[in-house]
Amino acid sequence: MKKMKLMALVATFLVTIFCLSSFAADIKVSGYVQVQYVNAGEEVKDISNDPIHIKRGRLKVKAKSGSSSGCVYIDGSKDNNISLKEAYVQHAFDNGIEFTMGQILLPVSYTVLRSSTKRELPERPMVTKKLYAGERDRGLTISGKLAEVSYTIGAFNGVGIKSTNGWKDDNDKKDFVVRLTGVLAGLNWGASIYSGESGTSTDKKRTGVEFQYTLPTKTELRTEYIKGKEGKTDVEGWYVLASHPLIENLTGTVRYDTYDPNKDVKDDATDTIGVALNYQLDEATKITLAYLNPKEEGTDKKNSETTLRVQFKY
């Protein structure tokens with residue numbers, strides 16, 4: 001059954017490429033591969049049992065015809081299966097408004113929207129990994145710009161790509177997102193609100209703010225704060241990051257992040273310190289050496305990870 005599903009997905013992808021190349025005036029194929037070795041603590045079972053693995057192996061086809069475009073984005077790194085990450089149709093109107101519909105990234109956070117190929121550390125901070133698991137959902141968005149402020153408004157099914165129930169919606173309501181971004185005196189800022197429900201009555205709300213700034217020394221500073229509600233549970237988290245070029249093609253990064261899954265419970269937060277070196281070997285190849293040391297309050301778990309990753313982008 002799995003082989004049949006895999007063959008059907010590959011066939012669909014190839015047919016899509018053929019159709020797009022036949023009708024579209026412009027077609028672009030891109031993607032990347034991330035291969036890594038992870039030395040993890042014994043309590044990080046999913047990693048310690050598979051130290052050398054393909055973290056991501058992705059292929060993206062995007063075609064454009066006039067003001068419309070279509071995209072199919074797949075990943076082949078999970079358990080030898082190919083999965084659909086994104087598939088959407090997009091149209092840009094003459095007044096600058098853009099309409100997107102399909103399986104897409106949630107427009108909610110700088111770290112969610114930022115490609116994993118550009119990441120200084122191997123993975124996103126815990127707060128975004130927990131509150132926006134999978135980062136993608138099926139829905140539609142309308143984007144544009146008012147004065148100096150860019151906006152995105154979206155409606156989504158709400159189950160997300162990480163749902164254990166497939167893509168079956170668990171209620172007849174939609175989750176809504178509003179995101180605003182802008183630049184003020186060189187400071188990039190953003191704010192987002194996510195409001196929805198899980199099942200019949202469980203609230204699912206998130207509010208986030210973010211800032212990015214580059215110093216004259218080329219040091220990049222970033223921070224983000226997200227708070228939310230899972231049913232009656234209040235959750236929150238944040239991170240700060242500093243990245244600085246050390247020598248030609250070599251950048252050093254330090255990040256501190258914290259995530260509290262229940263603000264009413266003491267000693268349940270996780271604080272993580274991460275450091276990384278990124279070396280740009282050539283235009284397509286990047287090598288990352290990173291160390292993450294998460295500390296769970298109230299436990300003595302050894303969850304530290306050292307990762308050596310090689311990435312090729314095409």
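A residue is called buried when its relative accessible area is under 20%, exposed when that area is over 50%, and partly exposed in between. In this predicted model, Lys 62 has a relative accessible area of 31% and is therefore classed as partly exposed. Lys 62 belongs to strand 2, which covers residues 52–65, and it also takes part in a patch of positive charge on the surface, where it gathers with Lys 28, Lys 64, Lys 118 and Lys 313.

Considered as a whole, the chain has a secondary structure of four helices and 16 strands. Among the contacts in the chain with a separation of 6 or more, 47% are accounted for by residues 24 or more positions apart.

Ala 147, which is found in the loop between strand 6 (136–146) and strand 7 (149–156), has a phi near 60 degrees, a positive value in a residue other than glycine. Because its relative accessible area is 70%, Ala 147 is classed as exposed. For Asp 267, phi is likewise positive and near 60 degrees, again in a residue that is not glycine. Asp 267 lies in the loop that runs between strand 13 (250–260) and strand 14 (270–280), and, with a relative accessible area of 54%, Asp 267 is therefore counted as exposed.

Terms used. Residues are numbered from 1 along each chain as its sequence is written. This is a predicted model: local features need pLDDT of at least 70, side-chain atom pairs count only at pLDDT 80 or more; totals for chains, interfaces and linings use all residues. Side-chain values use heavy atoms; hydrogens and water are left out. Patches are made of residues with over 30% relative accessible area and no salt bridge: like charges are joined within 9 Å, nonpolar side chains (Val, Leu, Ile, Met, Phe, Trp, Tyr) within 5 Å. Accessible areas come from the Shrake-Rupley method with a 1.4 Å probe; for residues, only the protein chains shown count as cover. A salt bridge is a side-chain nitrogen of Lys or Arg within 4 Å of a carboxyl oxygen of Asp or Glu. Lys and Arg count as positive and Asp and Glu as negative; His and the chain ends are not counted. The place of a charge is taken as NZ of Lys, CZ of Arg, CG of Asp or CD of Glu. Helices (H or I, at least four residues) and strands (E, at least two) are DSSP runs, numbered from the N terminus. Buried means under 20% relative accessible area, exposed over 50%, partly exposed in between (1.4 Å probe, protein chains only). Contact means heavy atoms within 4.5 Å.
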